[in-house]
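Biologist: I am new to this structure and would be grateful for a close look at a single part of it. Please describe that part and what surrounds it.

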Amino acid sequence: MLDLVRLEDIEKARDLLAGVVVRTPLEESRPLTESLGVPTFLKCENQQRAGSYKVRGAYNRISRLSEAERSRGVVAASAGNHAQGVALAAGLVGTRATVFMPEGAPLPKVTATKGYGATIEYAGHSVDDALVAAKAFAERTGAVLIHPFDHPDVIAGQGTVGLEILDQCPAVGTIITAVGGGGLVSGVAVAAKALRPDIRVIGVQAAGAASYPPSLAAGSPQKLTASDTIADGIAVLRPGDLTFAHVSKLVDEIVTVTDDDLSAALLLLLERHKMVVEPAGAASVAALRTHRPDTPGPIVAILSGGNIDPMLLLKVIEHGLAAAGRFLRLSVRCGDQPGELAGVLTKIAQYRANVIDVEHSRQNPRLSFGQVEVFLSVETRGPDHSKALIGALRDSGYELTMLPGQHPATRYQVP
């Protein structure tokens, strides 16, 4: 039986982190409040130093090392956020850091980690692969391994988010947060349940990297064979032993969300809240939009990180528009005569939809003689507007095909 982190550990971490981390804002989300019918707030850890909550646990762990341990340096494994947290914390404490990252780790996260002074090494294609390499490096060099989630000091540091939430919203009824390895949800659950046992704590995993549901069903940590999600920050194949013990005892529910859900949530945060949030950071909002939890309010959703590659952001915005029914990719077949394309575009304009791009092709062998195929990307106001436009084009005699990348609307829409 593993010893769980205690409230006293988190309170000590809070004292240690004073002046080091930012007390991030708690902001009400009007769209979510209106949709869910209970006050709903966003805990903005995307505005934390280094762009995520990870610096809390990393600093709490590294600052407690002895002088002898600091002299050997520290090593970590991360897809980016823990890497930045460790690099920043190591610099503040005055020790050197080596970070193993999976191949294909987001470039901005790699660049930021280097900018904080860490040495970067690449290993494997997942955080779990990088962790194996980091452990081997620690054994070989004597560097102290700073685990991304499975250590009491790390969990206690992350738990300070929970203390801040209770200070900022004493009446909170539900806390919901993203879950990868489980460090954040474990620490938050310890703080919440110790001070207010009635608070409901919900964890959210990406469906393509959901290791907790099978682990909880089996009663012990189970390892996935692979992950497939845009949420690299929570793409962890196996729960930690210590975090699993916390989650199984203290967390009320684990739910999953799809990449479509994550994209739509990220788009909502960008449009309605002017928040830059990475896919993993938007998982809590994605769950609130798609699962409509019947939980006591007020609800606090933790935005766990904001470190997103700008190129991925462009793709996710388009994906989010499609998932919300606001982006159509169409193939329209029409006659190959002057004015035909203008007729298609005029019909779209009549329905006040916005054409993003147009491609004109005569090379499809399935086209009849005298036909041309027009590929269109169109922005609409939502699912009903999209359906109306499609119906109007078909009623006008055009042959339509929905192109790959078109996604159904999410189960319900936040205003």
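Modeller: In this predicted model, Val144 of strand S6 is the bridge partner of Val74, a residue of strand S3 (residues 74–77). S3 and S6 (residues 144–145) run parallel and are joined by two bridges; strands count as paired if DSSP finds at least two bridges between them. Strands (E, at least two residues) and helices (H or I, at least four) are DSSP runs, numbered from the N terminus. Residues are numbered from 1 along each chain as its sequence is written, and side-chain values use heavy atoms, without hydrogens and water.

S3 pairs with S4 (residues 97–101) in the parallel sense, over four bridges. Within S3, the side chains of Val74 and Ala76 point one way and those of Val75 and Ala77 the other, and all are buried (under 20% relative accessible area, 1.4 Å probe, protein chains only). In a regular strand, side chains alternate between the two faces of the sheet.

Together with helix H5 (residues 81–93), S3 and S4 make a right-handed β-α-β unit: with the strands pointing away from the viewer, the path from the first strand over the helix to the second runs clockwise. In H5, Asn81, Ala83, Gln84 and Ala87 meet Lys109, Ala112 and Thr113 of helix H6, with heavy atoms within 4.5 Å.

Technical notes. Predicted model: local features only at pLDDT ≥ 70, side-chain atom pairs only at ≥ 80, totals over all residues. Buried < 20%, exposed > 50% of the residue type's maximum accessible area, 1.4 Å probe, protein only.
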